[in-house]
Amino acid sequence: MTPHLFDAQAFLDALRLGGAPAEAAALKLMRHYKPFLRAKLLVAGVSHNELDDLISELLFKVISGAPQVRSAAAFHSWLCIITKHEVAAHWARRSRERAVFSEPPAPDPALQDTLQLLDQMPDDSASDPVLRLCLQGQLAKFRRDAAQRYACIELIAMGHEAREIAELIGRSYGAAREYMSRCCAALLDYWRPCLSAGQAQALKRSSAGQAGVKP
Amino acid sequence: MSQAEQNSGTPHFDAERCLQALSGDAPMAGQPDRSARAGRLLRELVLAELQAQPVESTPDEAALLARLRASGALAGQPEPRAAWPQAALAWLKKAPVTWIGVPTLATVAGVGMVVLMQAPPSPVPLADEDAAAQMRGSEQAQRLATADPKALADALQAQLAARQLPLRRQPLGSGLIELQAKIPPGDAALVQALEQLGVKVPAHGRLWLLIAPIGATAKP
């Protein structure tokens with residue numbers, strides 16, 4: 001899902017051919033880049049009801065302008081520049097200050113408990129289906145509750161650097177790093193119930209195992 | 001465990017290590033600690049969530065493909081764009097500049113000058129009959145108010161896409177959508193179809209619409 005893994009050369013070749021290969025390549029690009037653009041625009045403060053229209057407009061510009069890209073290696077950077085300009089035009093059209101950090105600030109979570117629990121988990125605990133399901137459920141809950149922060153985490157996981165996120169949210173590098181670490185801390189805090197339950201299960205299993213070996 | 005944790009004895013959230021693990025970078029020197037472990041787990045689940053997103057075709061994708069088809073973006077290119085400049089560059093590299101290049105360029109420049117002097121620029125008549133009666137910039141967008149601007153814009157887009165006519169569509173916020181297209185003269189069927197959707201096509205054929213939700217008064 002990392003944007004850099006998109007085969008831009010194959011896309012540009014197919015676009016040059018035209019017809020069915022070009023349509024298939026365009027569809028592939030849309031599906032590959034949609035989550036990335038969504039996360040980027042959300043972090044930039046674009047509201048949910050304007051998101052789909054803006055993504056469609058961006059993808060249209062990217063696909064129709066792609067033949068101008070000379071090198072496939074520069075495709076991703078070119079797409080990011082187009083996104084940056086489109087976001088700037090979006091705010092210019094509204095002629096108002098962009099709504100960064102539109103979600104109310106959450107209190108700083110006390111992560112000691114979560115980290116302690118995580119530390120006590122065995123290394124293979126993440127593969128436990130029950131725990132994994134719980135963590136994914138909390139992830140979805142966090143996504144609903146704090147879409148902008150979740151989008152920031154998605155961007156970091158996709159390899160976005162703090163410098164790029166700072167540019168998106170229109171803040172300094174230091175403020176962006178602070179924001180990024182707060183996003184991570186807030187999500188980790190959501191995992192606490194799962195990790196507590198997971199630890200209880202692990203303890204139960206180990207005590208059951210000990211009881212089993214007793215004569 | 002990081003140095004801070006070893007010193008304090010309590011888990012300490014090291015944002016640097018967590019972010020580094022989340023972005024998939026190689027771990028920093030030393031043993032991986034709790035924060036890095038949390039970052040790795042975050043990365044694993046977030047990327048799994050991204051990959052698990054549905055891949056079926058959506059109406060948005062179909063509309064975007066139709067728009068791309070109509071604009072000719074998916075028609076392909078017969079030759080790579082850089083073919084002519086590359087060939088010219090190759091010829092220049094091969095040609096001995098002092099013997100062939102300079103006289104050739106001088107001849108071409110001279111012929112160009114003669115042609116330009118013999119055919120001075122003449123005024124070009126305006127293409128539109130009604131353009132003379134209008135001041136530049138006096139054109140106004142046609143405003144349509146509807147309960148669902150997106151549906152109306154989609155219907156208009158479908159009409160134009162069916163005839164492979166390029167369309168510029170721009171969301172302006174607060175539900176306002178701007179559409180621009182050029183209607184070819186003599187397409188009575190299209191004009192009628194657009195009129196049925198409430199759109200009046202001007203004589204010059206340049207369609208400029210602002211579709212607003214009912215009750216919206218804000219200017220774009």
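Q: At what angle do the axes of helix H7 and helix H9 of chain A cross?
A: In this predicted model, the axes of H7 (residues 147-157) of chain A and H9 (residues 173-190) of chain A cross at roughly 110 degrees and come within 9 Å. Axes are lines fitted to C-alpha atoms, for helices over the stretch in contact, with angles from 0 to 180 degrees between N-to-C directions. Helices (H or I, at least four residues) and strands (E, at least two) are DSSP runs, numbered from the N terminus.

Q: Why is H7(A) called roughly perpendicular to H9(A)?
A: Angles of 65 to 115 degrees count as roughly perpendicular, under 35 as roughly parallel, over 145 as roughly antiparallel and the rest as oblique. The crossing is roughly 110 degrees, and H7(A) is therefore roughly perpendicular to H9(A).

Q: Which residues of H7(A) meet H9(A)?
A: Arg149(A), Cys152(A), Ile153(A) and Ile156(A) meet residues of H9(A), among them Tyr179(A), Met180(A) and Cys184(A). Two residues are in contact if their C-beta atoms, placed from the backbone, lie within 7 Å.

Q: What classes of residue make up the contact of H7(A) with H9(A)?
A: The contact has 9 nonpolar, no polar and 1 charged residues. Ala, Val, Leu, Ile, Met, Phe, Trp, Tyr, Cys and Pro count as nonpolar, Asp, Glu, Lys and Arg as charged, and the others, Gly among them, as polar.

Q: Which residues touch the most other members of the largest nonpolar core?
A: Of its 74 residues, these are Ala26(A), Val43(A), Cys152(A), Ile153(A), Met180(A), Cys184(A) and Leu187(A). Such a core is a set of buried Ala, Val, Leu, Ile, Met, Phe, Trp, Tyr and Cys residues joined through C-beta atoms within 7 Å. Buried means that 20 or more other C-beta atoms lie within 10 Å of a residue's own; exposed means 12 or fewer, and partly exposed lies in between.

Q: What is Cys184(A) in contact with, leaving aside its neighbours within four places in sequence?
A: Cys184(A) is in contact with Ile153(A), Ala15(B), Cys18(B), Leu19(B), Leu22(B) and Leu42(B).

Q: How many residues of chain B are in contact with chain A?
A: In chain B, 41 residues are in contact with 46 residues of chain A. H3(B) supplies the largest share of that side of chain B, 13 residues.

Q: How are residues and chains labelled, and which parts of the model count?
A: Residues are numbered from 1 along each chain as its sequence is written, while chains are lettered from A and ligands numbered from 1 in the order in which they are written. Local features need pLDDT of at least 70, and side-chain atom pairs count only at pLDDT 80 or more, whereas totals for chains, interfaces and linings use all residues.
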